[in-house]
Structures are given as structure tokens and as C-alpha cells.
Amino acid sequence: MIESFGTNLRDRTTEAGMGIFGRRAAIVAAGILLGWAVPVPADPAPQFPIVFTDMADLQALGLSLDWPPPMSDIQSGAAKPLNPPKFANTCYWYAGPHTQYILSLSDEFLAGYTAKGFSRESLCMALVSEARFDPETGARLPTYVYRDDRVLTAHLADLNPTKLTEERRGWLMPGTFANDADLEAAITRVGNGDLSGLTDEQASALIPDDHATVELPLKVPACFKNGAPLLDCNWKYGLKTGKKLSKQAPLRYREVGEALDIQINADIARGTGTRLYTHSHSSHETYLLMDRFVTAIHNFADDPNDSALFLVVSEPLMEWAGPVAWYAASPALPRGYGYALYAYAEGFGDGGVTVSSLLATFDGGRSSSKFNPARLKALLQ
């Protein structure tokens, strides 16, 4: 019997939390009785990314990853009404490798950024970009991962050797796993949140892509407020790595931004933007719509009606153009358009999982339940 991963982790987290708070209470009680001046230990400093396994914890901060997105019922042919978003301020479609959401924001969360010069559009673009560090200061940004343990539990149950088809057994053994006992032992370990001893191939087989989002920001860099960070940020540090960039980085990113500005404006003038999923938004005007994916990799047919804008830059700028993911046009943005960086887009994202990429996701010390919601909220100010 495979123990429910979510229940197991939640129980262990709750026990650990009760132990911490129980010790604090005992110290404080003893201090009161004996007249000691006893300081109460502070909450542990958050490690990023913070891992949310309960959507309500994320929603308490003013963000929600809503499912299904507007197009899902049209794709499936279902007649049922679409699920409404949690908050009124809806964002762009967010696509992971096999997971799709619409991000929505509370009035309070949005107001905190509009007071700093952001629009809903520019904030939403930044919130689906994989920003982990401020590109101007190198400061670590508060980030999160949402992990849906129901997906993992169901996947592990399907891999139970008693349920395997011969075709699937041949795929898993004797290459990925030596035998049934080896597979069962690995399933049990992963079900308990233990990745030790797993190879990347085994992790990819046991842990589905759609069980967790990529690492996303809870707080975004100030220079993203106009929606064109390649032009507006003074790029000194890697957005995903935090590493010091070369002295040529600010100039190179600006050159890409200028090329992108010309080509997006031309794309808008031609009317070739596809307004992704416009057909399914007739009753959902509040959702923000992407226009086109952007790629500097020209390994597709250059079709003006295709959903991708092929960014033309010189060979030396190719690596600097890589972060651009998609653009959207809007009169709410100072330049009339904006774009997201490193944001997953279906057909242009990375697939598969590795042990190293999963370690933070399975780190119990990063669980949102470890931290006081009020303290987490204060980090976002």
C-alpha cells in the first residue's frame, strides 16, 4: 500500500511545527512563572522557493493559480460552465510543460504594485517570468513552487508493478529499474518525499512534469514595471542565476530589446499577432490575452500566420535573445506592448525532470506551512 504523499508530508510538517511551537510555549510559560526575560525565537528565515501544497496558502498572499484556463472546456468539448477565477484581477495564461493555469490577483496585491507604477498587464507578465534575482542588484527574490501532490500520488499508484502492462514493464525494466522490487522501493521512497539514490531517468519516470510548476516570483523587479525589461533594466546579474554578468550584458540586452521593439511594432502594424485563445474568451473579457510567442531559434518554417514571432538578431546576440518568451499588445503599457522572460510556453518549454531540479520542491523545510502567512506577506511589500 502506497501511503498518500500529501498526507504523509503534511503530517510530518504538522508534527514538526507543533514541536517548534510547543517548545516556544514551554519556554515562555516558564519565563512568566519565574520572572525571566525570555526572548521568543523568531520564525525561521524562508528558503526560496517556498513550496505551496495547499492553494489556500498561496491565495492568502493574494495570488491564485486557477484551473481550468478559459480554453480548456472548448478543447475538451465539455458543456459545463467554466470555473471562475479566485480573484477578479486575472492574468495571462501560464503554461508549464504539461500544466496550464490562469493567474489571478487580489485587489490588495495588485494595488501594492500599481502604486509603484506597474499596470495589471506588466505585473502579470513579470509574475509568469522565471525571475529569481533582481537583475540590477542581484538580490534574491521571494519565489515559489506550487506542487500538486494528488498528481504524484495517482502517478505512483499507476506505476505499481501489479498494474503495469507488459509494454510499460518493458519500458521501465531492466533499464530504468532492475526489477519489480527495485521499482517498488523507489515508489515508496518518493511517496515519502525521499529522492536519495534516484537517477535522473528514474526521477523522470516516477515524477510527472505536471505535478509542480516551475519556480515563479512572489515579488518582481521594479524595472519590469513598463513591461519591457530588456530596455528598462540595467542588467548586471542573471535573472535566474543571480551571477554577475559580463560588462557587455547591459548593452547586449538593450540591443536585443531595440530589435524586439522594432519587430513587435511591425508585427502589431501588420495585424499578424494571433491573440492566443481569443476564440474562447467571448464571455471572459477580463482575461489578458497573449499575442505571439517569440523565439530567436529559427528551426521552424517562417510563416507569418504562425503563432510565433521569429526574432531576427545577429549571431552574437542570439544567446542574449533567448529569454524572451512571448509578447502582448495593450494600451495600458507605455510602449503599447510588453513581454515575459523565461516564461514557459507550450511548444517552446523544456520537458522532463531531473533530481537536481526537484530537490527544492521536495525540501520539507521550504513548505509554506512552516512560515507565518503574515510574515510571508510582509516579504512582498
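Q: How many salt bridges does a search of the whole structure find?
A: The search finds 15 salt bridges, a salt bridge being a side-chain nitrogen of Lys or Arg within 4 Å of a carboxyl oxygen of Asp or Glu. This is a predicted model, in which local features need pLDDT of at least 70 and side-chain atom pairs count only at pLDDT 80 or more, while totals for chains, interfaces and linings use all residues. Residues are numbered from 1 along each chain as its sequence is written, and side-chain values use heavy atoms, with hydrogens and water left out.

Q: What does Arg140 form a salt bridge with?
A: Arg140 pairs with Glu215, and the closest N and O atoms are 2.9 Å apart. Arg140 lies in the loop between helix 5 (120–127) and strand 5 (143–146), and Glu215 in the loop between helix 9 (200–206) and strand 6 (216–217), so the pair ties together parts that are 75 residues apart in sequence. Helices (H or I, at least four residues) and strands (E, at least two) are DSSP runs, numbered from the N terminus.

Q: And Glu215, buried or exposed?
A: Glu215 is buried, with a relative accessible area of 11%, whereas Arg140 is partly exposed at 32%; buried means under 20% relative accessible area, exposed over 50%, and partly exposed in between (1.4 Å probe, protein chains only).

Q: Which residue does Asp232 meet in a salt bridge?
A: The side chain of Asp232 meets that of Arg335, at 3.0 Å from N to O. This pair links distant parts of the chain, with Asp232 in helix 10 (residues 229–232) and Arg335 in the loop between strand 9 (324–329) and strand 10 (337–341), 103 residues apart. Asp232 counts as partly exposed at 25% relative accessibility, and Arg335 is partly exposed at 31%.

Q: Changing topic, at what angle do helix 4 and helix 5 pack?
A: Helix 4 (residues 107–114) and helix 5 pack at about 105°, with their axes 10 Å apart. That makes helix 4 roughly perpendicular to helix 5, a label for angles of 65 to 115 degrees. The axes are lines fitted to C-alpha atoms, for helices over the stretch in contact, and angles run from 0 to 180 degrees between N-to-C directions.

Q: Which residues meet there?
A: Phe109, Leu110 and Tyr113 in helix 4 meet Arg120, Leu123 and Leu127 in helix 5, where contact means heavy atoms within 4.5 Å.

Methods:
Parallel < 35°, antiparallel > 145°, perpendicular 65-115°, else oblique.
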